[in-house]
Amino acid sequence: MALDYEPRIGRIPIRDLAPVQPGDTWPAKAYAGEVVPFSATVFKEGHDLLGAELVLTSPAGIRTTHSMVGLGYGSDRWEARALVDAEGDWRWHIRAWVDEWATWLHNAELKVPAGVDVELMLLIGRTLIARALIADPGNATLEDAAKAMAAKRQTPSARLAAAAAVTPLLAAGSSAAQALTALTTESEEHLLHVERTRAGVGAWYEFFPRSEGAKKRRDGSWQSGTFRSAARRLPAVAAMGFDVLYLPPIHPIGVSFRKGPNNTLTVGDHDPGSPWAIGSAEGGHDAIHPDLGSEADFRFFVGATARAGLELAIDLALQASPDHPWVTQHPQWFTTLPDGSIAYAENPPKKYQDIYPLNFDNDFWGLSREILRIVRHWIALGVRIFRVDNPHTKPLRFWEWLIAEVNAEYPDVVFLAEAFTAPAMMAALGQIGFQQSYTYFTWRNTKPELEEFLREISKDDVAFFRPNLFVNTPDILSEYLQFGGVPAYKVRAAIAATASPSWGVYSGYELFENVARAGSEENIDNEKYEYKPRDHAKAEAAGRSLAPYLTKLNEIRRHHPALRQLRNLEIHWSDDPAILVYSKYLGPQFTAGGDAIIVVANVDPHSVRETTVHLDPRMFGVAPGESFEVTDLITGQVFTWSTDDYVRLDAFVEPVHILSVNLTKGPA
């Protein structure tokens with residue numbers, strides 16, 4: 001009697017496929033040039049040996065197959081790594097089968113020497129070889145094996161050895177090998193959405209254009225920097241190896257409740273206010289602050305940025321000052337309190353009386369369409385990257401809609417989420433479309449904290465969450481930087497630049513600006529509320545700048561493709577609680593000769609540390625037990641290393657080894 005129920009599982013179970021987003025509501029994400037590990041749990045009842053492969057179809061419809069290898073350790077987990085080199089939607093699934101040849105050979109190599117079912121096992125082997133010859137007629141290797149198997153004068157062990165000699169041929173995915181499979185099963189198909197490389201790789205630099213070229217007059221007033229004067233800073237930013245320049249909001253700033261120095265309520269006649277208090281009589285989110293210049297000046301700056309080899313990112317801060325045109329034209333876009341006042345922004349204990357947050361629930365589509373219009377306005381002026389301020393304070397469904405609408409029309413536009421909030425919200429912002437996200441990196445400073453953090457960003461959430469490891473921001477000057485001195489600044493930059501393909505620096509970092517406003521994690525005399533011109537050239541000439549070190553880090557990133565990947569990060573071990581060790585490896589199938597980097601960091605900026613580091617060299621392409629040569633890319637020193645190695649890191653000299661593994665030869 002036929003039953004109505006159709007089993008959901010295939011003959012060979014293929015489960016827990018990755019990369020797949022939780023719930024599979026949206027496709028997993030990658031970027032062009034990324035090497036993606038595809039994996040699945042593949043198993044079967046009984047003792048048959050299995051085979052598996054990844055079937056990958058590019059956006060152009062080109063289908064390729066990639067052999068999967070079992071990861072062992074009793075996990076039944078299989079994996080194949082593949083390069084996705086084109087933007088668009090890739091389709092993929094896993095194919096699994098019983099490997100009849102491997103199963104027979106395994107059983108025969110146990111039974112024949114033991115004298116168990118000898119002739120039966122050899123008969124099965126001859127039958128399999130005959131099937132292979134039908135699929136690949138005239139193959140000399142198979143014909144020789146068939147003759148040897150049929151030669152009764154040969155001992156059973158000799159006939160088995162002759163048969164085993166064809167294994168390399170059958171392991172190569174030939175037509176003969178395909179003939180010796182059974183119960184082939186295919187998984188469900190999944191999508192992998194591949195975006196442009198900048199969506200996942202970049203070195204960001206932030207400055208306030210009003211500070212670049214700003215001058216103080218004798219009467220205490222300021223002459224603001226402009227787009228024209230700020231453009232003079234671009235070659236120096238590019239020379240440090242950065243490739244994205246990020247500007248805080250460039251719009252008119254409100255006057256009502258304007259904040260004075262250090263976020264005080266006392267404001268002077270010459271205080272410029274916070275750029276995030278957007279909107280005044282001069283306009284709102286589609287206007288340019290008149291002190292910075294005109295729209296023509298902005299276009300000039302966009303062009304200058306491109307000529308310097310940089311991409312421009314601007315801030316999309318969806319909030320308004322009390323003077324924003326929206327307040328009178330669209331009061332329904334804000335929250336009105338019972339006393340008739342409009343609610344201002346708060347992040348207790350911080351209060352932002354100069355900013356009104358938006359309320360989407362009163363007019364969701366009216367407000368959403370206005371924001372889409374604004375984004376399109378800046379895209380038309382040449383902007384392709386938006387750093388989004390506080391996206392976690394707006395509805396997820398709005399972001400899902402906005403990003404989908406924009407990327408459908410402009411697939412090269414990148415959105416970076418500046419969200420420091422609960423993990424569920426941070427994850428969801430990545431899941432619904434944000435190409436990059438800020439993280440809690442600035443507050444992960446000890447070895448255990450960093451190990452957990454690095455595993456999370458490179459393994460747990462990598463299907464949808466792309467971290468951008470900013471070392472500081474106008475809002476964040478961590479205690480580690482406040483009290484760690486120059487070593488702390490080096491350590492944080494080195495880890496950020498090598499652990500993640502995307503990292504960022506806010507101007508002033510290279511000058512070791514580490515004095516905080518009392519009771520806060522913000523710089524004193526914060527640039528959010530005042531002009532802050534900096535003399536970078538003078539600091540460099542005096543040897544008081546980290547710019548050469550940042551330049552070196554970005555140079556290392558350019559020359560080592562393993563560092564422009566995220567999923568290849570592997571944690572190693574050390575005997576010291578302050579010595580962090582990790583590696584990144586890209587095999588020779590993906591880059592000429594292969595590329596391997598080992599990072600060893602003393603995360604205690606106040607000490608000299610001596611310890612032994614313990615490496616699993618398989619993680620970076622070296623066979624266990626072999627010694628190998630490494631070169632410190634910061635100091636130029638060359639060492640011969642192996643599995644266990646002595647390390648001494650003086651925080652006051654060089655707190656971090658960034659070691660390039662010589663994969664082409666052993667020790668000199």
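**Close-up views of a predicted model**

The mean positions of the protein's 63 positive and 83 negative charges lie 3 Å apart. Lys and Arg count as positive, Asp and Glu as negative; His and the chain ends are not counted. Each charge is placed at NZ of Lys, CZ of Arg, CG of Asp or CD of Glu.

This is a predicted model: local features need pLDDT of at least 70, side-chain atom pairs count only at pLDDT 80 or more, and totals for chains, interfaces and linings use all residues. Residues are numbered from 1 along each chain as its sequence is written, and side-chain values use heavy atoms, with hydrogens and water left out.

View 1. Helices (H or I, at least four residues) and strands (E, at least two) are DSSP runs, numbered from the N terminus. The C-alpha trace spans about 110 × 70 × 40 Å along its principal axes. Of the 668 residues, 55% count as buried. Buried means under 20% relative accessible area (1.4 Å probe, protein chains only).

View 2. Two strands pair if DSSP finds at least two bridges between them. Two bridges join strand 6 to strand 7 (residues 77-84). Here Gly-70 stands opposite Trp-78.

**View 3. Three strands form an open sheet in the order 26-29-32.** This pairing, too, is antiparallel. The edges are strand 26 (573-574) and strand 32 (644-650). Seven bridges join strand 29 (residues 608-614) to strand 32. Val-613 has Asp-645 as its bridge partner.

**View 4. The largest nonpolar core has 104 residues.** Such a core is a set of buried Ala, Val, Leu, Ile, Met, Phe, Trp, Tyr and Cys residues joined through side-chain atoms within 4.5 Å. Phe-298 and Trp-503 touch the most other members. Helix 15 (residues 479-499) gives the largest share, 11 residues. Leaving aside neighbours within four places in sequence, Phe-298 is in contact (heavy atoms within 4.5 Å) with residues including Phe-227, Ile-250 and Trp-378. Another core, of 31 residues, lies apart from this one; Phe-38 and Trp-92 are among its members.

**View 5. Helix 13 (residues 423-431) has buried residues, including Met-426, Leu-429 and Gln-431.** Their cover includes strand 2 (28-31), helix 12 (396-409) and strand 21 (414-418). Just after helix 13, Gly-433 takes a positive phi of about 150°.

Notes
Buried means under 20% relative accessible area, exposed over 50%, partly exposed in between (1.4 Å probe, protein chains only).
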